[in-house]
Amino acid sequence: MLEIYAQEIVDLLSETLERSVVVTNIDGIIIGAPAKERIGTAHPPSIPVMKYGKMSFDDNEAARRMGVWYPGATVPIFFHGSVVGSVGIAGEPEVVSKFSLLVKKQVESILREKVLIESRSSSQGYLDELVKDIYCFDQSRDNPRLLFSRAEKVNIRLDIPRVVIAVAFSSFSELNPACNDLGLPYSNKQDPFFEELEYRSTQSNVVNVIRQTFSNSQDVVSTTARDKFVIMRAFQAMPVNMEECYEALDEQCEEIFTNLQKRSINTCVGIGSPAKNLYEIPVSYDNAVDVVNLAEKMQISPGIFRYDKMPLEQLLMALRPSRKHSFLWDRVAKARNTTGGDELIETFMAYCQSMFNKLHAAEKLFIHRNTLIYRLNKLEKLAGVDFSDFGQLISFYISCRAMLLNDADEAFSEQAIVFSPADSGSST
């Protein structure tokens, strides 16, 4: 493994120290050197250094006896307690002895960092691909044994209940250098979201923040796009009381939301439906993503949303376009196209959402109760709907919601926002 990074380490240290540095493997063969012709040749001082695990210093005479080019110091490189190679530093012993230990520590630190990054990238990439294939799983076409086998390689069980949670960056708030520990830039105060970010490292850091909350070994955290993440929250058994289960999930999601907000990231978090097994996970996934997309389309403030708390919106978004252009739809459109029509619709919506309490609706809109009554009467006549008939009233309300959602959907569709791993391509 040292061979992969040896030349990079040599180039870095030789430039920094302004002297020749060589790296050898465990057999004492040079695998990195400023003079490329030395690569593949022996470095005799390294053999005793690695055998005894101690530094050595050779002056001009000792260097000549050992057949090396320059005097200097040779230090062993340790990785996880074992010697894996050595570093030779050219220079007079009294000079290089002052920083040879520092070089040894620096090389070991670089090696640990390189291996750690590679390991994390590899394991996270594997999880991302696994989650992508779980989402795309089709029981009529795919063999579940293959997924189970792949999941077992990373000790993930697919035979236990799960709830999928979707996390999407909603916006970057005013980035503060004091709390910006995720590698996010803050040079563009206007709209840093559209800057070219170092997303590879940022993704890894966000995943680590999420894993602080979802730390169970069976909880799977995946990246599905540059700014979107999915959690497959595991349960040992399907909870008997789902409301208590959702309350617990709400608390965990609130923790994620708060931890990311502290780091200047606003998020929309969507909680999906319970999935008893592998076959139901794609449904839970879709539900979680749908509520996040709905929140974004409707321009709701960043927060936590549950699929079971937004049934009407999901139902309306699923309507076929031909169904939307109905008798009531046309009446809503007529009212909106009238001067002050949007204000009338807003008043009517507030009235319905206040449980038909005129006083509460007026307070919500900061208007007098008589003004509210006037607007409702005007809308009732304009649309030709009898608000004293609950059936007509609720149908008109649903039509208003459908049209507003349709407007949001058309505006949202202009943006290339991808969440589903089936469409996102490579996630890292």
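Colleague: Which residues of helix α14 (residues 358-365) are buried?

Modeller: This is a predicted model, in which local features need pLDDT of at least 70 and side-chain atom pairs count only at pLDDT 80 or more, while totals for chains, interfaces and linings use all residues. Residues are numbered from 1 along each chain as its sequence is written, and side-chain values use heavy atoms, with hydrogens and water left out. Helices (H or I, at least four residues) and strands (E, at least two) are DSSP runs, numbered from the N terminus. With buried meaning under 20% relative accessible area, exposed over 50% and partly exposed in between (1.4 Å probe, protein chains only), the buried residues of α14 are Ala361, Ala362 and Leu365.

Colleague: Within what arc do the buried residues of α14 fall?

Modeller: The arc is taken from the directions from the helix axis to the C-beta atoms. Seen down the axis of α14, the buried residues line one face of the helix, because they fall within an arc of 100°.

Colleague: Against which helices do the buried residues of α14 pack?

Modeller: Packing is judged here by contact, which is heavy atoms within 4.5 Å. On that basis, the buried residues of α14 pack against α13 (341-353) and α15 (369-383).

Colleague: Which side chain makes a polar contact with the side chain of Arg233?

Modeller: Arg233 belongs to strand β8 (residues 228-234) and is buried, at a relative accessible area of 16%. Not counting residues up to four places away in sequence, Arg233 touches several residues, among them Pro161, Phe214 and Leu249. A polar contact is a pair of N or O atoms within 3.5 Å; within protein, one must be able to donate a hydrogen and the other to accept it, and residues adjacent in sequence count only if both atoms are side-chain atoms. At 2.9 Å, the partner of Arg233 is the side chain of Gln252.

Colleague: Which residue forms a salt bridge with Glu343?

Modeller: A salt bridge is a side-chain nitrogen of Lys or Arg within 4 Å of a carboxyl oxygen of Asp or Glu. For Glu343, the closest N and O atoms of the pair are 3.2 Å apart, and the partner is Arg375.

Colleague: How many residues apart in sequence are the parts that this pair ties together?

Modeller: Glu343 is partly exposed at 40% relative accessibility, whereas Arg375 is buried at 15%. Because Glu343 lies in helix α13 and Arg375 in helix α15, the pair ties together parts whose separation in sequence is 32 residues.

Colleague: How many salt bridges does the count come to?

Modeller: One of them joins Asp342 and Arg336 (3.3 Å, N to O), and another joins Asp159 and Arg157 (3.0 Å, N to O). By the rule stated above, the count comes to eleven.
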